[in-house]
Amino acid sequence: MKLGTLAGISALLFAGVGVLGAIPAKTETTEQESVYAELAKAPEKYRNKPNPLANDRNAAAAGRVLFEEHCEDCHGEQAAGGKKAPSLRAKEVQEATPGTLFWILTNGVVRKKMPVWSKLPEPQRWQLISYIKSLGPLETAGTKSGDRP
Amino acid sequence: MVFLALGSSGVTKAQENPYFVAYDHNLEEPGNLEVEYFSTFGTQRNGPNFHGFWTEFEVGATAWWTTEFYLDGQTTFGDSTVFTGFRWENRVRPLKNEHWINPVLYMEFEDINGADKIIKEVEGHDVESDFLAPNAEARREKNREMELKLILSSNYKGWNFTENTLAVKNLDNSPWEFGYALGVSRPLALKGSAQKCNFCLQHFIAGVEMYGGLGDRYSFGLHDTSHYLAPGLAWNLPSGWTFRVEPTFGLNDNSHQFLLRWGASYEISGFGQKVAQLFKGKHE
């Protein structure tokens with residue numbers, strides 16, 4: 001196999017990733033609204049599911065560690081919104097039931113860049129939800145754009 | 001230039017299973033790049049032992065599509081070290097939501113030569129004696145192959161169960177060859193720790209995989225095929241590093257008696273955005 005072939009394939013790969021990233025996105029507000037709209041799609045049986053770790057005093061603290069490891073890069077510090085993903089302090093998220101958030105975490109929103117997190121064991125997903133809920137709503141969360149490009 | 005741009009990218013903790021051959025349905029997070037190095041040390045009856053090695057660049061193109069580029073090489077002790085080719089792999093998740101069984105479609109193009117010894121999959125009538133030819137002779141054999149897999153994987157109460165079926169077509173008019181891989185794994189702890197730690201049990205995932213060939217279109221079945229059983233361990237560090245080790249045992253006389261695999265990988269978030277900025281000419 002020739003070096004030229006390799007270089008060609010590498011260039012194609014990088015170009016492909018670049019083009020995908022460079023495709024103009026919808027306006028931030030529209031995108032956030034459409035992501036929040038996914039919450040309404042949670043099936044009834046998930047929506048009513050209680051957080052089994054609701055009385056676990058360590059759950060939110062453990063969830064904070066998990067959030068920093070897996071979520072903060074996209075959702076920003078304190079879940080207030082980042083470059084790639086919306087705020088989790090918006091009232092749409094904070095008012096959603098724990099079961100709804102569990103459903104979103106488990107299934108992701110793969111057509112809107114939110115990955116599936118079923119690879120995290122269930123207790124860790126509930127710990128994340130405990131943390132997100134413990135943060136409470138941020139008044140400007142839904143429209144926060146301070147740390148966006 | 002791309003790698004200079006990565007200097008300011010973030011790091012995300014990976015959550016990798018310990019499999020080397022089997023795949024589960026968990027794809028790379030969108031925009032992330034995982035750089036991986038793996039080794040296979042192999043024992044060889046009637047010939048010298050070998051060390052196969054490969055590097056992978058795994059990119060989450062979208063939340064439902066992961067693409068990977070591999071570079072392969074090997075050292076046969078007492079013979080030589082050779083570059084053996086490249087692979088380009090794509091995994092696509094066709095369903096939006098998580099299900100009891102989650103399918104992933106896998107397509108790979110390989111341009112490797114006959115000296116390739118990484119044993120990333122076992123197919124058709126692959127047997128230990130295929131590895132006896134000296135490197136100079138084996139390199140003359142060109143293998144341009146299209147490989148298709150159906151990955152069926154489930155997560156249940158912290159366990160992952162995965163079943164892969166494999167069909168490979170050498171593009172030089174050879175028959176379709178078949179193979180399989182099965183895997184099961186589980187983190188050593190299901191709850192996360194309230195403290196940041198490297199050695200907490202939740203960061204370790206133990207598992208076992210089994211894989212082998214299933215013959216080809218004209219002689220489908222288990223005769224003249226090799227099979228392996230491999231317990232493994234993955235250690236996913238919060239810093240973005242993952243280390244894996246997997247001793248592998250041959251299950252019949254056609255198999256290598258023992259393989260030892262190990263690998264290290266590092267996950268970088270924001271790779272896609274950084275590359276996109278290069279194309280747009282923007283800087284943060």
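Modeller: A residue is buried if 20 or more other C-beta atoms lie within 10 Å of its own, exposed if 12 or fewer, and partly exposed in between, with C-beta atoms placed from the backbone. Helices (H or I, at least four residues) and strands (E, at least two) are DSSP runs, numbered from the N terminus. This is a predicted model, in which local features need pLDDT of at least 70, side-chain atom pairs count only at pLDDT 80 or more, and totals for chains, interfaces and linings use all residues. Residues are numbered from 1 along each chain as its sequence is written, while chains are lettered from A and ligands numbered from 1 in the order in which they are written.

Colleague: How many residues of α4(A) are buried?

Modeller: In α4(A), 10 of the 12 residues are buried, so the rest of the structure largely encloses this helix. Among them are A:Arg64, A:Phe67 and A:His70.

Colleague: What do they pack against?

Modeller: The buried residues of α4(A) pack against α5 (72-75) and α8 of chain A. Residues are in contact if their C-beta atoms, placed from the backbone, lie within 7 Å.

Colleague: On to the two chains. How many residues of chain A are in contact with chain B?

Modeller: There are 38 residues of chain A in contact with 43 residues of chain B. On the chain A side, α1(A) gives the largest share, 10 residues.

Colleague: And what are the ipTM and pTM of the complex?

Modeller: The predictor gives 0.87 for the ipTM and 0.87 for the pTM.

Notes
Contact = placed C-beta atoms within 7 Å.
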